[in-house]
Amino acid sequence: MSKSILESREGLNEVISQCAEVAGYLWEKGWAERNGGNMTYDVTEFVDEEMKAMPPLAPARQIGAVLPHLKGCWFYAKGTGRRMRDLARKPMEAGCIIRICDDCASYEMVADAPVAPTSELPSHLALQDYLKGTGSSYKATLHTHPIELVALSHIRSFCSSEILTRTLWSMIPETLAFAPLGLGFIPFATPGTQELADATLKEIGRYDVVLWEKHGTIAVGRDMMDAFDQTDVLNKAACIYKTACQMGTPPEGMTDAQMTEIQELFHLPKTREI
Ligand SMILES: [Zn+2]
């Protein structure tokens, strides 16, 4: 068996292992049926001379967009049709490391095997391009299907960023503390379309996590665990909301004054910190 790119590359191995760990959580939570969900991770900081000299495993492929901020960038991406539960055990068989070509419009698969990236690669890379363009230190994008958040997006009265954010924040103080930018809402659009990608790009400036109506979430994070944690914190709040409803009445929620006090006491950010 040929050598894995992860061998003797401690830093790279660590972040790919974290992607695998998160993939396992997504499966355990029931958020990643079959091949559901996607992830990308910016691994450019780990690229060495030997990696730069690696030949491509297949001819370059078009991204479908020109992403000028991604020149020279490398990513780990889940493979198309691959399962999160497989990625959890064998990340380099269910995913691939790619490098963006100098035209910023195509990419090459480099290691370990020619596993074609997720069909949602263009939208994930568009987010990565946006993050790079703003000088952000964020590295991860994560799309998954958190059950209670998706269920909320089927209830018309919740289909607004403001109402969703206020309701979820008001469940427990930690939601406010650990998802301080809230949850953006994006009306239904067909997966993989430019319309959905454009709408997501518009909202991701304000929110770390956005909810696609009747589909799932997409999150950006400092690393994969951060993207997962923010999604998890918001879905936990949705679970509490659901549980109170099952007990017979919608929950009261913290008051605006209580939430403002927490925001001020902990100096919670209202915009993304670079
Ligand atoms: Zn999906």
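Visitor: Which residues does Leu-57 touch, not counting residues up to four places away in sequence?

Guide: The model shown here is a predicted one. Leu-57 sits in the loop between α2 (49–52) and β2 (61–62). Leaving aside residues up to four places away in sequence, the residues that Leu-57 touches are Met-109, Val-110, Ala-113 and Pro-114.

Visitor: Is Leu-57 buried, exposed or partly exposed?

Guide: A residue is buried with 20 or more other C-beta atoms within 10 Å of its own, and exposed with 12 or fewer. Leu-57 has 16 C-beta neighbours inside 10 Å, and therefore counts as partly exposed.

Visitor: How many Å separate Leu-57 and Trp-74 in space, C-alpha to C-alpha?

Guide: In sequence, Leu-57 and Trp-74 are 17 residues apart. In space, the separation from C-alpha to C-alpha is 15 Å.

Visitor: How many helices and strands does the protein have, and what is its radius of gyration?

Guide: The secondary structure consists of ten helices and nine strands. Along the principal axes, the C-alpha atoms fill a box of roughly 60 × 35 × 35 Å. A compact globule of 274 residues would have a radius of gyration near 19 Å, and the protein agrees with this, at 19 Å.

Visitor: Are helices α1 and α9 roughly parallel or roughly antiparallel?

Guide: Two packed helices are described by the angle and the distance between their axes. The axes of α1 (residues 10–28) and α9 (residues 224–246) come within 9 Å and cross at roughly 25 degrees. Angles under 35 degrees count as roughly parallel. Therefore α1 and α9 are roughly parallel.

Visitor: Which residues make this contact, and how do they divide into nonpolar, polar and charged?

Guide: From α1 come Gln-18, Cys-19, Val-22 and Tyr-25, and from α9 come Met-224, Met-225 and Phe-228. The residues of this contact divide into six nonpolar, one polar and no charged.

Visitor: How far does α9 reach from its first C-alpha to its last, and which residue with a positive phi follows?

Guide: With 23 residues at 1.5 Å a residue, α9 is expected to span 33 Å, and its reach of 32 Å is close to that. The residue that follows α9, with a positive phi near 120 degrees, is Gly-248.

Visitor: Which residues of helix α6 are buried?

Guide: The cover over the buried residues of α6 (residues 161–169) includes α5, α7, β7, β8, α9 and α10. The buried residues themselves are Leu-164, Thr-165, Thr-167, Leu-168 and Trp-169.

Visitor: Is Ser-8 buried or exposed, and what is its phi?

Guide: Ser-8 lies in the segment before α1. Ser-8 has 10 C-beta neighbours inside 10 Å, so Ser-8 counts as exposed. Most residues other than glycine have a negative phi. The phi of Ser-8, however, is positive, near 55 degrees.

Visitor: Where does the cis peptide bond from Ala-111 to Asp-112 have its omega?

Guide: Most peptide bonds are trans. Asp-112 is placed in the loop between β5 (106–111) and α4 (121–133). The bond from Ala-111 to Asp-112 is cis, and its omega is near -15 degrees.

Methods: Residues numbered from 1 in each chain as written. Predicted model: local features only at pLDDT ≥ 70, side-chain atom pairs only at ≥ 80, totals over all residues. Axes fitted to C-alpha atoms, helices over the stretch in contact; angles between N-to-C directions. Helix = DSSP H or I, 4+ residues; strand = E, 2+ residues; numbered from the N terminus. Parallel < 35°, antiparallel > 145°, perpendicular 65-115°, else oblique. Contact = placed C-beta atoms within 7 Å. Nonpolar A, V, L, I, M, F, W, Y, C, P; charged D, E, K, R; others polar. Rg over C-alpha atoms; globule rule 2.2 N^0.38 Å. Expected span 1.5 Å × (residues − 1).
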